[in-house]
Amino acid sequence: MARGIFLSGVSRESVLDSVRTALAALVAVLLARLLKLPEYYWAPISTIVIIQSTIPPHTLGWQRFVGTALGAVLGAAFATFFRPTAVVYALGILLCGLLAWLLRAQGAYRFAAITLSIVLLIPHTSGPWIVGWHRFLEVSLGIAVALVVTIVWPMAKKSG
């Protein structure tokens, strides 16, 4: 009886979506570890963000890819030339937004700002350009895995 209550809200679609997401995240984490990426967890996080979004995967993947590249470059540049004060950080976030708008990639702004924050604010043992490059690789791997999975195993469109 208790089993029926527990599973009463679970549909076949929700089980398949959960299995697909879990397998995609597993593939991303295993590939990132195989490639010895230092903060490998960003790959499966990116995979989950893409697969579980209501935004079409190719659109969101492109936004995340462009934003991560922009944020990694700006974060590394700011970390190279400035101490990460609150003002420097705010200027970096401002510049992410302005460049995203100039590039006509407004959807990439949030990802650029997130990546800049990670590269600029979190203490790392490697130099800022290495940290930015690693972040870009880790996130890009996650995006690639998500896009392959959504092509190989498409699901019904999610409603917002």
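These questions and answers walk through a predicted model of one protein chain.

User: How many helices and strands does the secondary structure of the protein chain come to?
Analyst: From the N terminus on, the elements run α-α-α-α-α-α-α. The secondary structure comes to seven helices and zero strands.

User: What share of the contacts with a separation of 6 or more comes from residues 24 or more positions apart?
Analyst: The C-alpha trace spans about 65 × 35 × 30 Å along its principal axes. Of the 160 residues, 40% count as buried. Among contacts with a separation of 6 or more, the share from residues 24 or more positions apart is 73%.

User: What span should helix H2 have at 1.5 Å a residue?
Analyst: H2 covers residues 12-34, which is 23 residues. The expected span takes 1.5 Å times one less than the number of residues.

User: Which helices do the buried residues of H2 pack against?
Analyst: Buried here means under 20% relative accessible area. In H2 the buried residues are Asp17, Arg20, Thr21, Ala24, Ala25, Ala28, Val29 and Ala32. They pack against H3 and H7.

User: Which residue just after H2 takes a positive phi?
Analyst: Just after H2, a positive phi of about 60° is taken by lysine 36.

User: Is H3 parallel or oblique to H7?
Analyst: Two packed helices are described by the angle between their axes and the distance between the axes. The axes of H3 (residues 42-51) and H7 (residues 128-152) come within 7 Å and cross at roughly 40°. That makes H3, relative to H7, oblique.

User: Is the crossing of H3 and H7 left-handed or right-handed, and how do the contact residues divide?
Analyst: The crossing is right-handed. H3 contributes Trp42, Ala43, Ser46, Thr47, Ile50 and Ile51 to the contact. From H7 come residues including Arg135, Glu138, Leu141, Gly142 and Val149. The contact residues divide into 10 nonpolar, four polar and two charged.

User: What is the distance between the end C-alpha atoms of helix H6?
Analyst: H6 has 13 residues, 109-121. At 1.5 Å a residue they should span 18 Å. The end C-alpha atoms agree, with a distance of 18 Å.

User: Which helices do the buried residues of H6 pack against?
Analyst: Phe111, Ala112, Ala113, Thr115, Leu116, Ser117, Ile118, Val119 and Leu120 are buried in H6. The buried residues of H6 pack against H3, H4 (57-81), H5 (86-102) and H7.

Key
Residues numbered from 1 in each chain as written. Predicted model: local features only at pLDDT ≥ 70, side-chain atom pairs only at ≥ 80, totals over all residues. Heavy atoms only, no water. Axes fitted to C-alpha atoms, helices over the stretch in contact; angles between N-to-C directions. Helix = DSSP H or I, 4+ residues; strand = E, 2+ residues; numbered from the N terminus. Parallel < 35°, antiparallel > 145°, perpendicular 65-115°, else oblique. Left-handed = near helix turned anticlockwise from the far one by under 90°. Contact = heavy atoms within 4.5 Å. Nonpolar A, V, L, I, M, F, W, Y, C, P; charged D, E, K, R; others polar. Buried < 20%, exposed > 50% of the residue type's maximum accessible area, 1.4 Å probe, protein only.
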